[in-house]
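Subject: Structure handover

Hi,

Here is the structure I promised to pass on to you. Please open it alongside this email, and my notes follow below.

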Amino acid sequence: MEPLAILRADPLDLLFENRNKSYGAYPLRKYYNQRLLISMGITLSLVIAASFVILYGGQNAGMISKPLVPDTYIEAVIVEPPPKPVIPTVRPAAPKPPTTVPLSAPLIVADQPIPKPIPTVQDLETHAIGLTNADGKPDNGDQPSKGNSLNAGTAKTDEAVEKEPAVLDRAQVMPEFPGGLEALKRFLMRNLRMPENNLEEGTQVQVIARFVVGSDGRVRDIEITRAADSEFNQEVKRVISKMPDWKPGSQNHRNVAVYFSLPVNFVRAE
């Protein structure tokens with residue numbers, strides 16, 4: 001391009017000098033202002049037309065939607081329905097009473113003599129109670145007689161009753177931490193501390209503690225059944241001793257003392 005033409009040329013022509021102007025970028029930049037004015041004009045025309053329709057079309061629609069009041073009206077005549085016929089109610093006949101038979105008169109018999117006399121109070125003091133009369137030495141109350149059925153039944157009952165141990169391994173209803181198992185986990189996570197030990201990363205140490213939950217819910221007699229290093233054992237005992245009172249276990253509808261085992265895992269994160 002000649003020097004004088006460069007001064008009068010458009011910067012866009014200078015930019016696309018010796019380039020393919022028909023590729024698309026040149027006409028888009030060349031006629032961008034014209035397209036912008038045309039699009040703005042079309043948009044403004046549409047806005048004006050829509051405003052006109054809303055303003056004047058709504059008024060005409062409101063005028064058309066008004067109902068016309070007729071000059072005449074129709075009077076409604078209400079005709080009462082004829083009364084319903086009264087149907088007489090028929091009462092059912094009373095049921096017949098059931099058949100009866102006379103009750104036989106009680107049979108009165110003469111008094112019969114007692115075949116054996118009734119033992120007196122003095123006889124009961126020196127004799128044992130039995131089903132039959134038997135001769136023997138007087139009973140002083142130290143040893144039950146063979147015929148004494150009441151004493152024999154009491155002895156068998158005493159032998160059948162087994163004494164329950166002071167602390168049960170398992171009960172019908174096991175003790176429960178206040179709030180349940182999730183509350184117990186939260187308590188351990190909040191109170192347990194990792195001892196200062198040369199425990200490698202990713203290593204797990206388990207300590208199993210056994211303790212007694214008394215009939216009053218208090219925790220006592222803590223012992224370690226599966227031990228690790230002394231630091232871990234002492235930490236488990238310390239946290240268990242801080243536990244609140246549990247809900248005690250029950251056996252035959254009464255509170256009892258029960259053993260409870262608790263595993264605690266120490267894990268050093270990687």
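In which sense do strand β1 and strand β5 pair, and over how many bridges? Residues 167-168 (β1) and residues 254-267 (β5) pair in the parallel sense, over 2 bridges. Leu 168 has Val 258 of β5 opposite it. Please keep in mind that this is a predicted model.

β5 has antiparallel partners too. Strand β2, residues 204-213, joins β5 in the antiparallel sense over 10 bridges, and Val 205 has Phe 266 as its bridge partner in β5. Strand β4, residues 249-251, also pairs with β5 in the antiparallel sense, here over 3 bridges. Gln 251 is bridged to Arg 254 of β5. With 2 residues between them, β4 and β5 make a hairpin, and Asn 252 in the turn has a positive phi of about 55°.

Next, have a look at helix α7, which spans residues 181-191. Its buried residues are Ala 183, Leu 184, Phe 187, Leu 188 and Asn 191. They sit on the same side of α7, because the arc they cover around the axis is only 135°. That buried set packs against α8 (230-241) and β5. On the face turned away from the buried side you will find the exposed residues Leu 181, Met 189 and Arg 190.

Searching the whole structure gives 7 aromatic pairs. One of them is Phe 177 with Phe 187, a tilted pair at 5.7 Å centre to centre with 45° between the planes. Phe 177 belongs to the loop between β1 and α7 and Phe 187 to helix α7, so this pair ties together parts 10 residues apart in sequence. Phe 177 counts as buried because its relative accessibility is 7%, and Phe 187 counts as buried at 9%.

Phe 232 and Phe 266 make an edge-to-face pair, because their planes are at 65°, with the ring centres 5.0 Å apart. Since Phe 232 lies in helix α8 and Phe 266 in strand β5, the pair ties together parts that are 34 residues apart in sequence. Both Phe 232 and Phe 266 are buried.

There is also one aromatic cluster formed by Phe 177, Phe 187, Phe 211, Trp 246 and Phe 260. Finally, look at Arg 210: its charged end sits over the ring of Tyr 259, 3.7 Å from the ring centre.

Methods
Residues numbered from 1 in each chain as written. Predicted model: local features only at pLDDT ≥ 70, side-chain atom pairs only at ≥ 80, totals over all residues. Heavy atoms only, no water. Pairing = 2+ DSSP bridges. Helix = DSSP H or I, 4+ residues; strand = E, 2+ residues; numbered from the N terminus. Buried < 20%, exposed > 50% of the residue type's maximum accessible area, 1.4 Å probe, protein only. Arc of directions from axis to C-beta. Contact = heavy atoms within 4.5 Å. Phe/Tyr/Trp six-rings, centres within 6.5 Å; stacked < 30°, edge-to-face > 60°. Lys NZ or Arg CZ within 6 Å of the ring centre and 35° of its normal.
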